[in-house]
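Thanks for asking me to look this one over.

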Amino acid sequence: MNIYELSFPHSLIKDDIPDTVSAIGFFDGIHRGHQKVINEAIRRAEENNMESAVITFHPHPLVVLKGEHHVNYITPLKEKIEIMKGLGVDRLYIIDFNKEFSKLSPQEFVDQFIIGLNIKHLVAGFDYTFGHKGKGNMENISEYTRDKFSYTTVEKVSLDHEKVSSTRIRKLLREGNIEEANELLTRPFKLRGIVIRGDQRGREIGFPTANLQVDKQALLPKPGIYAVKVLYNNETYFGMASIGTNPTFTAEREDLSIEVNILDYNNNLYGQELTVEWYKYMREEEKFDSVETLIEQIKLDEVNIRRFFSI
């Protein structure tokens, strides 16, 4: 997959770009609905012997339009790129969503980033909008094509009579409803991080943990204890993870830590990158009266997680 990071105006030469069918959208999470849009573009590209593409944007429009300094992503950019590769996309265009870009009229946007990228067919969701203040949409897009490209509108994708959306998935993750979120994503929710040195309390109580430093832009699920799988060095391990403040030891702490106890594994992982797949919320984080009570609960957590994974 070829990746192009573009800003307005971009410097690509249209005649150097092959005829392309492209999906377009922000695609945070790349959930069932997003996949339908992207797969439709790939299918049409294959049918017409063209290249497939995805046009997406970074950072989130809210950063520019509403001045939000920090937006958390279901799929930070690195993971979004990897998922696109896995779907079989030929070209990925990542457009810098800045103030200048946000002020483009619908026609200026289309001229530069659709016609100007030699896109012959565009695929978008029914609620996709473009141009300044979202004045362009899939109902009036015919006014802007200049007869240079055709388009397909993908209708709403629902599950359990409710629209599949990034907003719905964010809510589920914040509620700890990992299983339903995974169903909407069609894959386990993931966090990727580097193992850093922690307080080593886990090792002292018999449950050594890998403390993860994750992308600050990654959306974290609800604090608590989870059943997870850990991907490392082309191997998959079962584990139990904690998101929280370790209130038994650090009652005044406010920032969240992510710690993973990898079952049946005790090697040094400092400095290594781990990918954690989240499968089930087991319980809330608690402050225990004693370390001994905490240890007994962790032992019970391990039993329950092994039972969940049938190991």
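1. How many bridges join strand β14 to strand β15? Six bridges link β14 (residues 235–244) with β15 (residues 257–262), and the two strands run antiparallel. Strands here are DSSP runs of E with at least two residues, helices are runs of H or I with at least four, and both are numbered from the N terminus. Two strands pair if DSSP finds at least two bridges between them.

2. A word on the model. It is predicted, so local features need pLDDT of at least 70 and side-chain atom pairs count only at pLDDT 80 or more, while totals for chains, interfaces and linings use all residues. Residues are numbered from 1 along each chain as its sequence is written, and side-chain values use heavy atoms, with hydrogens and water left out.

3. Now the whole chain. Its secondary structure comes to nine helices and 16 strands, and the C-alpha atoms fill a box of roughly 70 × 40 × 40 Å along the principal axes. Of the 311 residues, 50% are buried (buried is under 20% relative accessible area, exposed over 50%, partly exposed in between, with a 1.4 Å probe and protein chains only).

4. The closed barrel has six strands in the order β11-β12-β15-β14-β13-β16, with antiparallel pairing. From one strand to the next, the twist averages 45 degrees. Helix α7 (residues 178–185) lies across β11 (189–196), β13 (224–232) and β16 (273–283), at about 125 degrees to β16. Such angles run from 0 to 180 degrees between N-to-C directions, with axes fitted to C-alpha atoms, for helices over the stretch in contact.

5. The largest nonpolar core has 34 residues, and those touching the most other members are Leu212, Val228, Val260, Leu274 and Trp278. Elements that each supply at least two residues of this core include α6 (166–175), α7 and β12 (210–214). A second, separate core of 30 residues includes Ile55, Ile95, Leu104 and Leu117. A nonpolar core is a set of buried Ala, Val, Leu, Ile, Met, Phe, Trp, Tyr and Cys residues joined through side-chain atoms within 4.5 Å.

6. Do click on Leu274. Leaving aside residues up to four places away in sequence, Leu274 touches, among others, Leu191, Ala210, Leu212, Ile262 and Leu269 (contact means heavy atoms within 4.5 Å).

7. Is Asn268 buried or exposed? Asn268 is exposed, with a relative accessible area of 59%, and sits in the loop between β15 and β16. A polar atom of the Asn268 side chain lies 2.9 Å from the backbone nitrogen of Tyr270. Asn268 and Ala210 are 58 residues apart in sequence, yet 8.9 Å apart in space, C-alpha to C-alpha.

8. Finally, the open sheet. Its six strands follow the order β1-β4-β3-β2-β5-β8, with parallel pairing. β1 (2–6) and β8 (150–154) stand at the edges with a single partner strand each, so one side of each has no neighbour in the sheet. Neighbouring strands are turned by 20 degrees against each other on average, direction ignored. Five bridges pair β5 (residues 119–125) with β8 in the parallel sense, and Gly125 has Val154 as its bridge partner in β8. Helix α5 (residues 106–113) packs on this sheet, touching strands that include β2 (20–24), β3 (51–58) and β4 (91–96), and its direction makes about 135 degrees with that of β3.

Methods:
A polar contact is a pair of N or O atoms within 3.5 Å; within protein, one must be able to donate a hydrogen and the other to accept it, and residues adjacent in sequence count only if both atoms are side-chain atoms.
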